[in-house]
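Thank you all for coming.

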Amino acid sequence: MENEHSSLVKEHFEAKYHDYDALIKKLIPNYEKMHQSVIDLVNTTSEKPVLLDLGIGTGKTALHLLNKYPQAVIDGFDISPKMIEQGKTRLRDNLSHVHFIEQDIKDLELKEKHYDAGVAVLSVHHLTGEQKKELFKKIFNHLKSGGIFVLGDIVKFDSEKETIAKEEEWRAFLIKNLGTKEGQYWFDNYKEEDLPSSVNEQLQWLRDAGFSDSRSTWEYMNYAVFFAKK
Ligand SMILES: C[S@@+](CC[C@H](N)C(=O)[O-])C[C@H]1O[C@@H](n2cnc3c(N)ncnc32)[C@H](O)[C@@H]1O
């Protein structure tokens, strides 16, 4: 069942994300602000940081990280070969710095490596609550002391009423950008396929994993950015 869910998500990304950069701005409210806030929160004193990108996709986040830390080395995990292909094209001038690894992050294997920082932008909501908890523990265990994890994702809230109100705002945003049929298609797809968790439960799971400082630093509609420090 869980593997079937991963295959469904993979198929979906492969079929629908042709012009990722244009589409993502129509799907995610304030996408550029959210994305920039993730990049701004990644902070390390290392000149050659070792970074983790979970759901590297078309490499947009990785490219911004390389602009900030030109000597960084990035391990980028993604379930979809087609998204990885697009990532390799975007990062064609940086391939000696970026390792693309085709892997489902619910079964993430990080070997003995330790990272200065890790990011996950719009990928972790494909995992169940239990899988997110396990993932946060693995990330914690594979960060160096003082290492940072930044998560940008779609979220729910403590009350059903607030979640529905924010989802409705987002549905109106999708319809405004994409028209009724396509906007509703993406919303229905979210309802069927995505597994968002609430802001507070994710903060608790980050604390349970061992992070000493974890907070939500940015929220807009049903999207949030989380910062966690080991
Ligand atoms: C919306 S894209 C975001 C890409 C990139 N992080 C960015 O913000 O530009 C989500 C990516 O997560 C990947 N993904 C979804 N579920 C995944 C999973 N279980 N394991 C690994 N990658 C996954 C998809 O294939 C896709 O490339």
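Where is the place of asparagine 30? Asparagine 30 sits in the loop between helix 2 (20-27) and helix 3 (31-41), where helices (H or I, at least four residues) and strands (E, at least two) are DSSP runs, numbered from the N terminus. Before I go on, please keep in mind that this is a predicted model, in which local features need pLDDT of at least 70 and side-chain atom pairs count only at pLDDT 80 or more, while totals for chains, interfaces and linings use all residues. Residues are numbered from 1 along each chain as its sequence is written.

Most residues other than glycine have a negative phi. Asparagine 30, however, has a positive phi, near 55°, and it counts as partly exposed, because 15 C-beta neighbours lie inside 10 Å; with C-beta atoms placed from the backbone, 20 or more others within 10 Å make a residue buried, 12 or fewer make it exposed, and anything in between is partly exposed. Lysine 111, in the loop between strand 3 (98-102) and strand 4, also has a positive phi, of about 50°, but lysine 111 is exposed, with 6 other C-beta atoms within 10 Å.

Turning to helix 6, its buried residues are Gln131, Lys132, Leu135, Phe136 and Ile139. Seen down the helix axis, these fall within an arc of 135°, taken over the directions from the axis to the C-beta atoms, so they line one face of helix 6. They pack against strand 4 (115-121), strand 5 (143-154) and helix 9 (199-209), contact here meaning backbone-placed C-beta atoms within 7 Å. The face turned away from the buried side carries the exposed residues Glu130 and Asn141.

Leaving aside residues up to four places away in sequence, valine 150 touches Val38, Leu41, Val42, Val119, Val225, Phe226 and Phe227.

Finally, the ligand is surrounded by 20 residues, the closest being Gly55, Gly57, Met83, Val121 and Ser123, where a residue counts if its backbone-placed C-beta atom lies within 6 Å. Two or more residues of this shell come from each of helix 1 (2-16), helix 4 (60-68) and strand 2 (73-78), and helix 1 gives the most, with 3 residues.

Key. Two residues are in contact if their C-beta atoms, placed from the backbone, lie within 7 Å.
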